[in-house]
Amino acid sequence: MRVLLAEDMQLLRGSLVSLLRQEADFEVVAEVARGDAILPAALRTEPDVALIDIGLPGMDGLSAAAQLHQHLPTCRSLIVTSLGRPGNIRRALEAHAAGFLLKDTPPAQLVLAIRKVAAGERVIDSELAVSALESAPSPFTPREAEVLRRAAEGASPQEIADQLHLELSTVRNYLSTVVTKSGGRNRVDTIRIALHEGWI
């Protein structure tokens with residue numbers, strides 16, 4: 001079973017590699033620390049399962065999982081995170097992730113989850129799944145979410161406009177719209193709400 005591991009914390013990544021290498025039928029074929037390195041590494045090594053952290057630099061893990069599904073559908077994604085927010089689970093499902101686990105999952109359960117995902121099953125904590133179904137869906141369009149995500153990462157409106165090839169006035173309109181849609185007091189409050197709900 002070929003596994004790609006995407007985790008930006010070096011100590012945790014090393015521990016996970018050691019854990020997986022103890023399994024005779026597991027082979028860690030790639031380790032990456034950035035979300036934008038996942039697809040190139042997967043195309044090069046063709047893993048069966050990609051174990052992906054959500055909070056990665058370069059590109060978040062959920063966006064990378066969506067890319068994987070589009071360009072290498074034979075590789076199934078298993079998302080791991082310290083934040084079991086309902087919105088994140090919804091986004092993981094929308095990205096066609098096959099599993100969603102919290103980082104405090106016992107090692108034996110993680111290994112079992114990887115085996116199940118590789119066998120074509122879905123692995124999502126039942127309580128987290130119920131909370132995801134009961135929570136409000138994101139009010140943002142994909143473009144609005146992308147603009148807000150970049151603002152949350154510290155990009156200025158001008159930088160966002162340059163990165164997304166948009167007019168500065170368009171970016172400002174998006175940022176104004178997301179504040180209104182979220183019910184936030186301002187952009188900072190909107191980012192807080194969106195992160196809490198897992199909308200970005």
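At what angle do helix α9 and helix α10 pack, and how far apart are their axes? In this predicted model, helix α9, which spans residues 168-182, packs against helix α10, residues 187-197, at an angle of about 60 degrees, and their axes are 9 Å apart. Because angles from 65 to 115 degrees would count as roughly perpendicular and those under 35 as roughly parallel, α9 is described as oblique to α10. The crossing in which α9 passes α10 is left-handed. On the α9 side the contact is formed by Leu 175, Val 178, Val 179 and Ser 182, while α10 contributes Arg 187, Thr 190 and Ile 193. Sorted by class, the contact of α9 with α10 comprises four nonpolar residues, two polar residues and one charged residue.

A second pair of helices can be described in the same terms. Helix α7 (residues 142-152) and helix α8 (residues 157-164) pack at an angle of about 130 degrees, with 10 Å between their axes, and this angle makes α7 oblique to α8. Here α7 passes α8 in a right-handed crossing. From α7, the residues Arg 143, Glu 146, Val 147, Arg 150 and Ala 151 meet Ile 160, Gln 163 and Leu 164 of α8. The contact of α7 with α8 divides into four nonpolar residues, one polar residue and three charged residues.

We turn now to the sheet. Six strands form an open sheet with parallel pairing, in the order β2-β1-β3-β4-β5-β6.

Two of the strand pairings can be followed in detail. Strand β1 runs parallel to β2 and is joined to β2 by five bridges, and in this pairing Val 32 of β2 is the bridge partner of Ala 6. Strand β1 is also mostly covered, since four of its five residues are buried. Strand β3 (residues 49-53) and strand β4 (residues 76-81) likewise pair in the parallel sense over five bridges, with Asp 53 standing opposite Val 80 in β4.

Is Arg 91 buried or exposed? This arginine lies in helix α4, residues 86-94, and, because its relative accessibility is 14%, Arg 91 counts as buried. Leaving aside residues up to four places away in sequence, Arg 91 touches Asp 60, Leu 62, Ser 63, Arg 149, Gly 198, Trp 199 and Ile 200. Leu 93 is also found in helix α4, but its relative accessibility is 36%, and therefore Leu 93 counts as partly exposed. With residues up to four places away in sequence again not counted, Leu 93 touches Arg 122 and Ile 124. The C-alpha atoms of Leu 93 and Val 49 are separated by 16 Å, and these two residues lie 44 residues apart along the chain.

Conventions:
Residues numbered from 1 in each chain as written. Predicted model: local features only at pLDDT ≥ 70, side-chain atom pairs only at ≥ 80, totals over all residues. Heavy atoms only, no water. Axes fitted to C-alpha atoms, helices over the stretch in contact; angles between N-to-C directions. Parallel < 35°, antiparallel > 145°, perpendicular 65-115°, else oblique. Left-handed = near helix turned anticlockwise from the far one by under 90°. Contact = heavy atoms within 4.5 Å. Nonpolar A, V, L, I, M, F, W, Y, C, P; charged D, E, K, R; others polar. Pairing = 2+ DSSP bridges. Buried < 20%, exposed > 50% of the residue type's maximum accessible area, 1.4 Å probe, protein only.
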